[in-house]
Amino acid sequence: GGGSFTVVAGDFCSQNTQYHLFTCDIEHEVIETCKDLTKEFSVFITYVENDSLDLLKNFNQKIDLLYLDSYDVPEYDSAESLNVIKSQIHQQLEIEAALDKLSDDPIILLDDNDPNPKFSTGGKTRLSKWFLTEYGFKEILGGKQSLWVKQDE
């Protein structure tokens, strides 16, 4: 269910203490639920209640793993739905905001790659995938999620 990535990443950070996790959500209730689910790893997690774009624009650390899963849309929305288009733009803006903060060997994981193949929306990742390709990234895993790494030069 929701928040599973933070549990997995928090556990990872607890076993690899050189890493620290920042998790962000605009909804207070979601952050509180996340805190409850990850309390055993909380020393390795910073919880941010904010819009992800604001966080990423002002982030002042290097990012090794960028996981983007904001702005969910109903699965029944069509490719032309304003909600789908807004979610695609939002995700690309998140990547643009994070681009200069990525470490030398970053991993980017995009959620909702194509949550509704019936309508072939391309999911939230449609614009991000084009953008990442232009910036020298390569998709190495596709499915419900899309995993990207920097291509060797």
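1. Four strands form an open sheet in the order E3-E4-E6-E5, and the pairing is mixed. Strands here are DSSP runs of E with at least two residues, helices are runs of H or I with at least four, and both are numbered from the N terminus. Two strands count as paired if DSSP finds at least two bridges between them. The edges are E3 and E5 (137–141), each pairing on one side only. On average, neighbouring strands of this sheet are turned by 25 degrees against each other, direction ignored. The axes behind that angle are lines fitted to C-alpha atoms.

2. Note on the source. This is a predicted model: local features need pLDDT of at least 70, side-chain atom pairs count only at pLDDT 80 or more, and totals for chains, interfaces and linings use all residues. Residues are numbered from 1 along each chain as its sequence is written, and side-chain values use heavy atoms, with hydrogens and water left out.

3. Now the pairs. E3 and E4 are parallel, with 5 bridges. In that pair, Leu 65 stands opposite Ile 107 in E4. E4 and E6 (residues 146–150) run antiparallel and are joined by 4 bridges. Ile 108 faces Trp 148 in E6.

4. E5 and E6 are also joined by 4 bridges and run antiparallel. Glu 139 stands opposite Trp 148 in E6. A hairpin of 4 residues connects E5 to E6.

5. The largest pocket has a volume of about 1500 Å³. A pocket is an open set of points on a 1 Å grid over the protein atoms alone, where a 1.4 Å probe fits, with protein on both sides within 12 Å along at least five of seven lines; lining residues have an atom within 4 Å of a point. The volume is the space filled by probe spheres set on the points, which are joined across faces, edges and corners. Of its 48 lining residues, Phe 5, Leu 21, Phe 22, Thr 23 and Tyr 67 are closest to the centre.

6. What supplies this lining? Elements giving at least two residues each include E1 (21–25), H2 (28–37), E3 (63–68) and E4 (102–110). H1 gives the most, with 7 residues. The lining holds 24 nonpolar, 14 polar and 10 charged residues. Asp, Glu, Lys and Arg count as charged; Ala, Val, Leu, Ile, Met, Phe, Trp, Tyr, Cys and Pro as nonpolar; the others, Gly among them, as polar.

7. Cys 34 is buried at 9% relative accessible area. Cys 24 is partly exposed at 24%. Buried means under 20%, exposed over 50%, partly exposed in between (1.4 Å probe, protein chains only).

Key:
Axes are lines fitted to C-alpha atoms, for helices over the stretch in contact, and angles run from 0 to 180 degrees between N-to-C directions.
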